[in-house]
Each structure stands twice: as C-alpha cells, then as structure tokens.
Amino acid sequence: MKRIFQIVSPVVLLTSCAFGQSLDPATRELIQSLLVRIDGLERRVAELEQEKTAPQASPATLPNPAPRSAAALEQPAPQPGHDHDQAPVPEAAQPSYPLLKITGFSDLNFAANDSHVPVTGFSQQTYLQSHSGFAEGQFALHFSSALSSKVSVFGELTLTARPDAGTGSPAAPGFNAEVERIIVRYDLNDYFKLSFGRYHTPINYWNTAFHHGAWLQTTISRPEMTQFGGSFIPVHFVGALAEGAIPAGGLNLNYDFGVGNGRGQVISRDGDFGDVNNNRAWLVNAFVKPDALFGLQAGGSVYRDKLNPLGGPVAREWIRSAHIVWNRETPEFIGEFADVTHEPVFGGVTSHSQAFYTQFAYRLPFNAKKWKPYYRFEYMHIPFSDTIFKSVPSFNASTAGVRYDITNFAAFKFEYRHYDIRKVPEFNGFFAQTSFTF
Amino acid sequence: MRNKKSIPSRRTLLAGLCFGISRSFAAGQSDIAVVVRPDVPVDNLSFADLRRVLMGDRQFWASNLKVTLLVRGPGARERDVLLKSVYQMSEAQFRQYWIAKVFRAEAASGPRIIYSNEMAIELAEAVPGAVACVDAGEVPKGLKVLKINGTLPGEKAYPLR
C-alpha cells in the first residue's frame, strides 16, 4: 500500500504542477513508466483475486479467460441488473448461440365495485368480479433467444388463475397455462423481416405495444376493445408475418403484412390447432414515426377474415383501425379507434361495431417523478344486429388513476372507474395493483 | 491487518486523477464520439439516423453486418449525454424502453452495458458492427469516428456534448 502511494504521489504532484504548461518529454516518460508499473500491479492484483475466486465458481459459469486491459480491470464490478443491462463478458466478441434470456412479469390486484347485478361480457382481466377481493394477475415469462445474428426466437408463457378452479370432474386446475406468443424471426435487414408463429395480432397499437406484463402499461388493465380473452378484435394470430421499416424521408414507415389462421369457432380464440375454414385471414398494418416529431406514432390497419362462429352466422369480417400515440411521458397520449364489420355470407344484415379509447397520462416533474396520474375514456358500441358479438358489452367507461413507480422495476397503481353499460345500472369500481418485472 | 480490497480503489482513484488531469489540459471537456470499426460501411449519420441506431430501430449497418450497441453504465457522462440529447429519457424510462422493446420482440436483446471507455473501445474493436459512444479524447487510432450531421467531435455544430 505504502509502495503504491510512493509510486503514485509523484505522478499526482507532477501532473498537478503541469497545469497551464505543456509536459516536457522527460516528465511524460516518467508518467508513462509509472503508469506501466501501475498496470503491472493491477494485473497482479487481478490475477490474485481471480485465483481466490475461481474455485468457488462452477465450471458452467466460468467465463473463458480473455485478455483485458488493466484499465478495464480497474473498473468496479458490474452490479447485477435486469437482463437488458447486460454486462459484457470476456467472450462477448464471439457470442455463442443460442443466447437465451428470460424475463418475468406479474401483478397482484385488489378490486371492488358497487354493481348490484353481475357484470357479464367483460374479460376476467378487467377485474369486474361480483365480489370484492384480491386477485392474482397473470404470471408471465418472456423468453428471447438469438439463434444467430439474424435468427431469433421469442416466446411468452402465462399462468392465469381460473375462476372455476377445483370444480368439475376431473377438477379444474388452479391455473391455465398458455403459450401466448411463440415467434421465430429471420431478419434479412431492417427493411424485411420474416417470422412465423403465434402473435399478438398487429392490428392496433396497444395489442403490440403492451403484452402480458401489466407493469409495462400505465394503467391496471387494458382497454376492453383489446383485452385478453375479449372478442372485439382477434388478440392472437397464428401464421406468418413480414415486417420492416423504411426511412421514407424521415417518416420512418413501418409495415406488417400477415397471413394466418383466423378466429376459431369461439371467436375470442385463434386457430392454434388449425383454421376453421379454408380461408386464411390476412392483415396489413402500417404506421409512421416521424423524425421531426420524436415520440409521435400514427398508423392504421386492415384485417380480413371469414368467420364460422359457434351459434352465429358464417360471415366475412373486416376490421379497420387507426391509432395516434405520443409516447413520451410528459405527456403520454394514446388514442385508438376500430370498426368491425360483419357481413353474413348467406344473407342478413351487415353490422358495424365500433370502439375507441383515449388515454392521457403525465409523469410529474422534479421530486414527484415517481408519480404518473392518468385518465382514460373508452367506448364500445355493438349494434343489436351484430349477432356474432352478442356477448360483447356496449358501454362507456371513465378511468382515473395514478401510477407510482416504487423502483425502476415495480409499481403501484390505483384506479377509480365509472361504468355505464347498456341495460345495466351505472356503477363504480376501485382497483389497486402492484406490478413488477423480474 | 491490511485490507486488500482497499488497494484497488485507492489506486484507481489516484490513477484516475492522473489520467483526468493529463486529459483535462489536453482536451478540456471532450465531446462524445461515436466510434465503430473501420469495416463498418458508414462514415456519416444524421442525428435522426443516430437516434434510430441507438434506439434499436435501425439494427443493420448492411445486410451482412448487424449493429451491436455498447452503452456506458449508469452514472457515466457518456450515458448522461446520450440520455439527454438522443434518447430524451430518464434513467428509469431508458430501462423500461429496452425491457419493452425486447418484450415486443423488436430486438433480441438490449444494449451491452459497458463500465469504462477502455472497455467500450476494446469491445468496439473486437465485435463486428459494434458502436460505442466514448469520450472523444480517448479514441484510439484503430477505430473510426462517425460524423454526426457531417460534423466531428470538437466542431461547433457537433450535437453530442
């Protein structure tokens, strides 16, 4: 220790005295020689520390020794963080594939409302149960793995608590396991990427921006028009997708073109096992993110399918949607609209069902940065003529709440909601959630 | 008993002081240089292009050369400059942005976090397609400094400072 100070002190003095004047060659040479000596000592310390720690690590976790400069070795050890904070390992220059990374998301909820009649037609994830109480949210695991520099696999698995757990014969299990997404993608370049799998259908913004991790979204639950388990838009899609981004003179035009199985006979389900008819569904989605307005995204989609629903007429389905998003947090704005047209094939009334929502949020400044108040208005209208959507509710709702970020990876959310549902007395609800990623 | 752990930290401080002082009168508060290997087929990026690269929206330099992002760890000046001028995000927003981007399957992984300019330079030299943002005073000869909006670090209109 004393020796190191003996070595370093002259350097400090020399360099301090050198303010305002240039270094003469002899001083520079001295500094260089001292630095080389420091480097040598650092290497020795690193070697000793490595020898000390090596027997404790299992062979599988030991990085391959690779030459690193003394300057690199002198840096503090990387703090363990979320897996997107990947500290470089010595073999980073030659990555070995597959490179699997797993991220978890989950949430716990409390819900209470003053409705005196059962509220039907809403997704379980909207938490409009008949009784107040706590509810386990989805436990979601996200897998991403690079198979090469151009091929990647993404997967998303959820476990969802069942309301009918323990009933029936054999007794229903406590949780449903579901492969929400499994995608293998080939990236030719930025302009063209081809993938196959089960997706969240890219026909509106929310469905592809926020998946099963409630922590990622500002609010406790998704808008009903894009809710998991809901029927208004097909949330999932099995097939193939071509996507890419084109600079387009600063507009940054992004596109998706997909072909796949359409909705199942239960229209809230997709065709995982196969299509219900010989007509593939297809979709086109395009949006721009202009350079000049950093944070803005605007776009629209078209989706086409032929439905063979249980208890409903065979019909052609057109979905047209549009969105505009300002995705900075000061403020945050999301607005979406979708029109779903059902044209019965064998005669009948063509119906148009519509839904939209607008959401505002604002990350408070200065010492209140952890707080983010928000408001959402949503509206859904299903005409009586739309027999395919006969179980989908017509309603409007206001949601006012606040999100408090406990850490960078966990949040509390508190919401008040007011529902006005067709043929149901208006009611209010209070909701709380803690959501996190790990 | 001597505390061995204290040796590297004091030594680091002193060595850092030496480096810092010698750098300070050589270059002042340096700009942040965007460096790549010489084989990257790009010499100049507009600021919007740079933002696309650093936000993971542009993932290829060319069809056969993928971008690997190297970003300094929290607390480093290089990271602060990028967060303020390019990402326009707080530290928390930056983390959430990358978690969401990977979760949306738009990128297989986030940027590699680097804990020193020396480490950034080492990896930028070693990893094909790697791009790092380092103190302009510490760029070695073996790396190419990209022009941003046609300007190099030290020039008046250079945006990363």
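This is a predicted model: local features need pLDDT of at least 70, side-chain atom pairs count only at pLDDT 80 or more; totals for chains, interfaces and linings use all residues.
Biologist: How many helices and strands does chain A have?

Modeller: Chain A has 4 helices and 17 strands. Of its 438 residues, 35% are buried.

Biologist: Now chain B. In what order do the strands of the open sheet run?

Modeller: The order is 6-5-7-1-8, with 5 strands and mixed pairing. Strand 6 (112-114) and strand 8 (144-145) of chain B stand at the edges. Each has a single partner strand, so one side of each lacks a neighbour in the sheet.

Biologist: In which sense do strand 5 and strand 6 of chain B pair?

Modeller: They pair in the parallel sense, over 3 bridges. Strand 5 covers residues 68-72. B:Arg72 has B:Ile114, in strand 6 of chain B, as its bridge partner.

Biologist: What should I know about backbone angles before looking at chain A?

Modeller: Most peptide bonds are trans, and most residues other than glycine have a negative phi. Now look for departures.

Biologist: What is phi at A:Ala248 and at A:Asn252?

Modeller: A:Ala248 has a positive phi near 50 degrees. For A:Asn252, phi is positive too, near 55 degrees. A:Asn252 lies in the loop between strand 7 and strand 8 of chain A, and A:Ala248 is found in that loop as well.

Biologist: Why does A:Ala248 count as exposed?

Modeller: Because 11 other C-beta atoms lie within 10 Å of its own, and 12 or fewer means exposed. A:Asn252 has 19 such neighbours inside 10 Å, so A:Asn252 is partly exposed.

Definitions and conventions
Residues are numbered from 1 along each chain as its sequence is written. Chains are lettered from A and ligands numbered from 1 in the order in which they are written. Helices (H or I, at least four residues) and strands (E, at least two) are DSSP runs, numbered from the N terminus. A residue is buried if 20 or more other C-beta atoms lie within 10 Å of its own, exposed if 12 or fewer, and partly exposed in between; C-beta atoms are placed from the backbone. Two strands pair if DSSP finds at least two bridges between them.
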